[in-house]
Amino acid sequence: MSGNGAKVPNQGPIVISAPSPGLPDLVIPAGSGGGCVTSGPFKDMKVNLGPVNLSIPGNKSVSNGDGLSYNPRCLKRDLSDYANKRFANASSIARTIINQDNIEDFQMTMQGVPGTNDIGIHGGGHYSMGGDPGRDLFVSPGDPFFYLHHGMIDRTWWIWQMLDAKTRTSAAGISGTGTFLNQPPSPDTTLDTIIDLGYAAGPPIRMRDLMSTTDGPFCYIYL
């Protein structure tokens, strides 16, 4: 997977702005890299989309218009054990799985409840890899690390489902609308909602056929 980016000295912290006025910002120290990946199979890799909303050291963010135009640049990483130890450690994963008995609480724990200074195990993984596009929510799949991280997120979700498979692969395993935190507002998701990711996936499919890793078109489990 290659390693860290080249060391960039004297980086300021990463600041995640609070979702509402009066709440504290979340400050994460910069990692140990910051520059272009310099070794391994991805050292010459180009990132082509974005940035859309990339957090960078010094309480700043950058974008390239709508982020969808062709913008080739090197893959950057800024590996951080701080974010991993604080948000995405083994105890956090266990609490996310064991302590939540409904999908809404599970989702919010995994993502981090806005305003609590907790970005959950999902955000913790992204900020552990850091860099560009790792810290950009919209184009983070541009870093191959993304797929290992989201494989673990999917595994966490699967383990939680298997604690009560009949309930958690049914309508009780769905909560909220089709947009994160309902921004922008959208209809509630149901088992009959059609999921269409266009070029990013296969043909449109109903939500009910995506709830199980074995009963629908999928055929996999985790160990």
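A cavity, on a 1 Å grid over the protein atoms alone, is a set of points where a 1.4 Å probe fits but cannot get out, whereas a pocket is an open set with protein on both sides within 12 Å along at least five of seven lines; lining residues have an atom within 4 Å of a point. The model is predicted, so that local features need pLDDT of at least 70 and side-chain atom pairs count only at pLDDT 80 or more, while totals for chains, interfaces and linings use all residues. Residues are numbered from 1 along each chain as its sequence is written, and side-chain values use heavy atoms, with hydrogens and water left out.

**Exercise 1. Describe the largest cavity and its lining.**

Step 1: a search of the whole structure finds 1 cavity of 30 Å³ or more, and about 30 Å³ of space lies in the largest cavity, where a volume is the space filled by probe spheres set on grid points that are joined across faces, edges and corners.

Step 2: the lining consists of Ile14, Ile28, Pro29, Ala30, Gly31, Asp78, Ser80, Tyr127 and Arg135.

Step 3: sorted by class, this lining has 5 nonpolar, 2 polar and 2 charged residues, with Ala, Val, Leu, Ile, Met, Phe, Trp, Tyr, Cys and Pro counted as nonpolar, Asp, Glu, Lys and Arg as charged, and the others, Gly among them, as polar.

**Exercise 2. Describe the second largest pocket and find the strand that gives the most to its lining.**

Step 1: the volume of the second largest pocket is about 160 Å³.

Step 2: the residues that line this pocket are Val8, Gln11, Gly34, Leu54, Ser55, Ile56, Pro57, Lys76, Asp78, Gly131, Asp132 and Arg135, and they divide into 4 nonpolar, 4 polar and 4 charged.

Step 3: strand β6 (residues 54-56) gives the most, with 3 residues; strands (E, at least two) and helices (H or I, at least four residues) are DSSP runs, numbered from the N terminus.

**Exercise 3. Compare the span of helix α5 with its expected value, and identify its buried residues and their packing partners.**

Step 1: α5 (residues 145-162) has 18 residues and reaches 26 Å from its first C-alpha to its last, close to the expected 26 Å, which is 1.5 Å times one less than the number of residues.

Step 2: Phe146, His149, Ile153, Thr156, Trp157, Trp158, Trp160 and Gln161 are buried in α5.

Step 3: these buried residues pack against α2 (90-98), α3 (103-111), α4 (120-129) and α6 (165-168), contact being heavy atoms within 4.5 Å.

Step 4: α4 is itself mostly covered, with 10 of its 10 residues buried, and just after α4, Gly130 takes a positive phi of about 60°.

Note on methods: Buried < 20%, exposed > 50% of the residue type's maximum accessible area, 1.4 Å probe, protein only.
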